[in-house]
Amino acid sequence: MTSKILRALVYVGAILTALVLAGIVGYILINGIPHLKPSLFEWNYTSENVSLMPALIDTILMALLALALSVPTGVGAAIYLVEYARSSSRFVRAVRMTAETLQGIPSIIYGLFGLLFFTTMLGWGLSLISGACTLAIMVLPVVMRTTEEALLAVPESYKQGGFALGAGHVRTIFRCVLPSALPGIVGGVLLALGRCVGEVAALLFTAGTVAQIPDFGGQGIFAIFDSCRTLAVHMYVLASEGLHMDETYATAVVLLILIVILNMGANFAAKRLKRGM
């Protein structure tokens, strides 16, 4: 009887979660799809068309740059903690506690840190690189902790098999351990990606709200110092003004579709990478 009651509670919780998700997504689609129009996808933003195209490009650039900074660092740190460092050392315990603490810090604190350090102290101003570095620091603990848990879940026999075949430690990690832990690593990357795409507070203080695409064609790599806005910031600005609520819902639909596409792309890339390993 107890087992049946607990199973029923699990089903009820799953159904309620699915209903809440369906309600949110349905509300966004119902209010946003009718207002999708060609003017929202024009290349330049004006006060008349409030185009989301610059914000869409900036979102992709911001997310990719933040992940390029955080994923190698987080995965490398997790490999060191699991495969090389002694689990009983004070250093490992301190790093894990720090990572868990950083995951709970509000994003506005990261935004203030980015404003003081990247924007002011380093002199980068409100720019793409300032926002990306701030996001990289925000998602680094997520990537590191999820990768660490994925590596710890790999059976010890996998490593023993690699050593038995004459492979060195590094080769065993990259050929035996990482392929098995790849689904967990991808899960952490997807969580980081979702936070990068949906972040607002931190980017207001570091990337700014200028609706423009960085001019890489004219400035080259120095365009990373241009101010920009992401889709989430674009939605916040439009909603704050209260003049373009229909376009705000339409932007939410595009943001939702973008997240789905990025998640599918990450899963596809992980599967191809796993086959290659």
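**Reading the helix packing**

Mentor: L135, M138, V139, V142, V143, T146, T147, A150 and L151 of α5 meet V177, L178, A181, G184, I185, G188, L191, A192, R195 and C196 of α7, where contact means heavy atoms within 4.5 Å. Helices (H or I, at least four residues) and strands (E, at least two) are DSSP runs, numbered from the N terminus. This is a predicted model, in which local features need pLDDT of at least 70 and side-chain atom pairs count only at pLDDT 80 or more, while totals for chains, interfaces and linings use all residues. Residues are numbered from 1 along each chain as its sequence is written, and side-chain values use heavy atoms, with hydrogens and water left out.

Trainee: Into which classes do the residues of the contact of α5 with α7 divide?

Mentor: Ala, Val, Leu, Ile, Met, Phe, Trp, Tyr, Cys and Pro count as nonpolar, Asp, Glu, Lys and Arg as charged, and the others, Gly among them, as polar. On that basis the contact of α5 with α7 comprises 14 nonpolar, four polar and one charged residue.

Trainee: At roughly what angle do the axes of α5 and α7 cross?

Mentor: Axes are lines fitted to C-alpha atoms, for helices over the stretch in contact, and angles run from 0 to 180 degrees between N-to-C directions. The axes of α5 (residues 128-152) and α7 come within 8 Å and cross at roughly 155°. Angles under 35 degrees count as roughly parallel, over 145 as roughly antiparallel, 65 to 115 as roughly perpendicular and the rest as oblique, and α5 and α7 are therefore roughly antiparallel to each other. A crossing is left-handed if the near helix is turned anticlockwise from the far one by less than a right angle, and right-handed if clockwise; the crossing of α5 and α7 is right-handed.

Trainee: How do α2 and α7 cross?

Mentor: The axes of α2 (residues 53-84) and α7 (residues 169-198) come within 9 Å and cross at roughly 140°, which makes α2 oblique to α7. The crossing of α2 and α7 is right-handed. On the α2 side the contact includes T59, A63, A66, L67 and V71, while the α7 residues that take part include H169, V170, I173, V177 and L178. The residues of this contact of α2 with α7 divide into 17 nonpolar, two polar and one charged.

Trainee: Is N49 buried or exposed?

Mentor: Buried means under 20% relative accessible area, exposed over 50%, and partly exposed in between (1.4 Å probe, protein chains only). N49, in the loop between α1 and α2, is buried because its relative accessible area is 9%. E48, which is also found in the loop between α1 (2-32) and α2, is exposed, since its relative accessible area is 66%.

Trainee: Which residues does N49 touch?

Mentor: Not counting residues up to four places away in sequence, N49 touches S39, L40, E42 and N44. A polar contact is a pair of N or O atoms within 3.5 Å; within protein, one must be able to donate a hydrogen and the other to accept it, and residues adjacent in sequence count only if both atoms are side-chain atoms. The side chain of N49 makes such a contact with the side chain of E42, at 2.7 Å, and a polar atom of the N49 side chain lies 3.4 Å from the backbone oxygen of N44.

Trainee: Which residues does T251 touch?

Mentor: T251 lies in α11 (residues 245-276) and is buried, because its relative accessible area is 0%. Leaving aside residues up to four places away in sequence, T251 touches L52, L231, H234, M235 and L238. N267 also lies in α11 but counts as partly exposed, at 35% relative accessibility.

Trainee: How many helices and strands does the chain have?

Mentor: The chain has 11 helices and zero strands, and buried residues make up 39% of its 277 residues. Among the contacts with a separation of 6 or more, 73% are between residues 24 or more positions apart. The C-alpha trace spans about 65 × 60 × 35 Å along its principal axes.
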